[in-house]
Amino acid sequence: MDQAKRERLEAKGWKVGTVSEFLELTPQETTLIEIKLALSRNLKERRQKLMTQVELAEKIQSSQPRIAKAENGDASVSIELLIRAMLATGATPQEIGQVIAQTR
């Protein structure tokens, strides 16, 4: 957001900040969310090149709606499920580590 717009909003009584500030997240919570979102995005990219959500769900003994939630960053999806799904698409532990390392 440019400085002029920020000043206009603040002059009208709006508080301008980040999502993390609004939700009062700790730096660790913010990083965890960023990691989960990065894994979700990468899973979706990898899976779209290789198979359908149904096929991936069958491979990891899950369901298509659960895969859809994983790919869309749903908070109810565990990091374990994201990693299991990525491994099922052929990702190596090193590739998963690179996705995580690129956050922040």
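E95 is partly exposed, with a relative accessibility of 34%. In this predicted model, the side chain of E95 meets that of R46 in a salt bridge, at 3.8 Å from N to O. R46 belongs to helix α3 (residues 27-50) and E95 to helix α7 (residues 93-101), so this pair ties together parts that lie 49 residues apart in sequence.

The salt bridges number 3 in total. Another joins E71 and R47, whose closest N and O atoms are 2.6 Å apart. E71 sits in helix α5 (residues 64-71) and R47 in helix α3, so the contact links parts 24 residues apart in sequence. E71 is buried at 6% relative accessibility, and R47 is likewise buried, at 9%.

R6 and E10 also form a salt bridge, with an N to O distance of 3.3 Å. Both residues lie in helix α1 (residues 3-11), 4 residues apart, or about one turn of the helix. R6 is partly exposed, at 31% relative accessible area, and E10 is partly exposed as well, at 37%.

The pairs are listed below.

| Salt bridge | N to O distance |
|---|---|
| R6 and E10 | 3.3 Å |
| R46 and E95 | 3.8 Å |
| R47 and E71 | 2.6 Å |

Apart from the charged pairs, the surface carries a nonpolar patch formed by V19, F22 and L23, which together have about 380 Å² of accessible area. F22 is located in helix α2 (residues 19-23). The relative accessible area of F22 is 72%, over the 50% cut-off, so this residue counts as exposed.

How values were computed:
Residues numbered from 1 in each chain as written. Predicted model: local features only at pLDDT ≥ 70, side-chain atom pairs only at ≥ 80, totals over all residues. Heavy atoms only, no water. Patch = residues over 30% accessible without salt bridge, like charges linked within 9 Å, V, L, I, M, F, W, Y side chains within 5 Å. Areas by Shrake-Rupley, 256 points an atom, 1.4 Å probe, with all protein chains shown as cover. Salt bridge = Lys/Arg side-chain N within 4 Å of Asp/Glu carboxyl O. Helix = DSSP H or I, 4+ residues; strand = E, 2+ residues; numbered from the N terminus. Buried < 20%, exposed > 50% of the residue type's maximum accessible area, 1.4 Å probe, protein only.
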